[in-house]
Amino acid sequence: MLTHTDLREIQTRSLKMQGWIRQQTFSPENRKTLRRFSSWEVSELILGLNQNTFRGKMAADPSLPAGMVEPEGRQRWFTLDEVNTLRRKIRPRGKSLVPPRPGGRAFRTAIANFKGGAGKSTVALHFAHAAALDGYRVLCVDFDPQATLSHSMGLTDVSEERTVWGIMARDLVRETEAQNAAPRGAASGAALPRRTLPSSITGLGIQDLRVSDFIQPTNWPTIDLIPSCANAAFVEFASAQYRHLNPEWSFFAAVNRFLDQLPDDQWDLIFFDCPPAIGYQSMNAVFAADMLYIPSGPGYWEYDSTTSFIGQLSEALEDLAHGFEGALSADKVTLPKAFCDIRFLLTRYEPGNDLHRAMFEAFGKVFGDKLARQPIEMTRAVEQSGRFLSSIYEMDYREMTRETWRRARASFDRAFAEYHEVMLPCWEGLSQGTLSADKVAAEGAGT
């Protein structure tokens, strides 16, 4: 017979192996580092310049970063900071290479589906890296206790208090204190109940943490992360208890309130990696998002699971809208929840596979223009990047044939370019106030 003691011993052995794997995957210091990018990558794939044009600009301006030439090498290799300096200083034909950035806060995208293995973490990781290479400043939020995104970004030693669970506990205490300090009467003359939280929650001191305490840097200088860890799975149990302690607490808006406290100009894009379930964490991600991206594999069962997911998500959002309607007057929260756009993205797609092509056509018939035109293709390079907890952008193309690496990168480039094409008008609408949540809801009701 096996008990929890046996499970603990198995975990201990697994953690030792996990440490060895990280040593093989990361740097000798057990810390993930970002590689340099070759002049070929910088000119053609990142800045979109002809190599001769790029070399001419470099020769004409000695103040530009020179990069580094490796021993016995000919190409120059640049850090991402140097790449961004080049982006700001080089103006081919007077055109800026800095990406468009509407005013207002960062644009938020939730990548969600409750089918495990749909590619949520892979898409979140690659979109974050593609955005950083485009010149955007990125914040990622890992809602998944499996912490795949956090581990892929080199963060493995994470305290659960500094995860989404900590954000929700902090919000509970602050919202409860604000409710208790509010006028005790109501329009009906009935007094609102006073809620008391136990010292097991208030004594943690999470309510005193600053916003910045939850955000950690990554090995990419322009990407930050609110990480997750296995113990963050506790949030699903804790949140049920929290709701019992304070039924008036709008638990689903905790992360939204947290993000509203961030400086508008510190990040440009925010990506949420959601867990494979509809629960307290995923509902926080969905509710805080401006756009919903739903990845799915190309099989029938994955299509079936995706169909179930959007049905259950619809019911959950409807329940929230009815359950809290009229109770959020002091909040910057509008019900029902509305998205600027929703997109379905096919992952692990093999263009030579008859079944995959048939499923892509079936997805298109059902979801119409909400299906992304550019699926994520499955290649050997993508499989290899997943095994090494890296994106294709982090892998050095010299570790394989350049064509294999370039084909894998091109798939993610096309998918991100399509995301950017859809996202930017939404972002501009939000910044101009023409796509506020209530207006989007009204427009949706009108159609």
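The largest cavity holds about 40 Å³ of space, where a cavity is a set of points, on a 1 Å grid over the protein atoms alone, at which a 1.4 Å probe fits but cannot get out, and where the volume is the space filled by probe spheres set on the points, which are joined across faces, edges and corners. By this rule there is one cavity of 30 Å³ or more. The model is a predicted one, in which local features need pLDDT of at least 70 and side-chain atom pairs count only at pLDDT 80 or more, while totals for chains, interfaces and linings use all residues. Residues are numbered from 1 along each chain as its sequence is written, and side-chain values use heavy atoms, with hydrogens and water left out.

To display the lining (residues with an atom within 4 Å of a point), select A112, N113, F114, P275, A277, I278, S282, M283, V286, F309 and L313. Two or more of the lining residues come from each of helix 11 (280–288) and helix 12 (300–323), and helix 11 gives the largest share, three residues; helices (H or I, at least four residues) and strands (E, at least two) are DSSP runs, numbered from the N terminus. Coloured by class, the lining shows nine nonpolar, two polar and no charged residues, with Ala, Val, Leu, Ile, Met, Phe, Trp, Tyr, Cys and Pro counted as nonpolar, Asp, Glu, Lys and Arg as charged, and the others, Gly among them, as polar.

Select Q281 next, which also belongs to helix 11. Is Q281 buried or exposed? Q281 has a relative accessible area of 1% and is therefore buried, a term that means under 20%, with exposed being over 50% and partly exposed in between (1.4 Å probe, protein chains only). Leaving aside residues up to four places away in sequence, Q281 touches F143, P145, V164, A232, V235, E236 and P275, a contact being heavy atoms within 4.5 Å. A232 lies 49 residues from Q281 in sequence, and their C-alpha atoms are 9.7 Å apart.

Now move to helix 4 (residues 80–89), and select its buried residues, L80, V83, N84, L86 and R87. They are on the same side of helix 4 because they cover an arc of only 155° around the axis, taken from the directions from the helix axis to the C-beta atoms. These buried residues pack against strand 1 (37–38), helix 2 (39–46), helix 3 (51–60), strand 3 (76–78) and helix 5 (120–133).

Finally, select the whole protein, which has 16 helices and ten strands and in which buried residues make up 49% of the 447 residues.

How values were computed. On a 1 Å grid over the protein atoms alone, a cavity is a set of points where a 1.4 Å probe fits but cannot get out, and a pocket is an open set with protein on both sides within 12 Å along at least five of seven lines; lining residues have an atom within 4 Å of a point.
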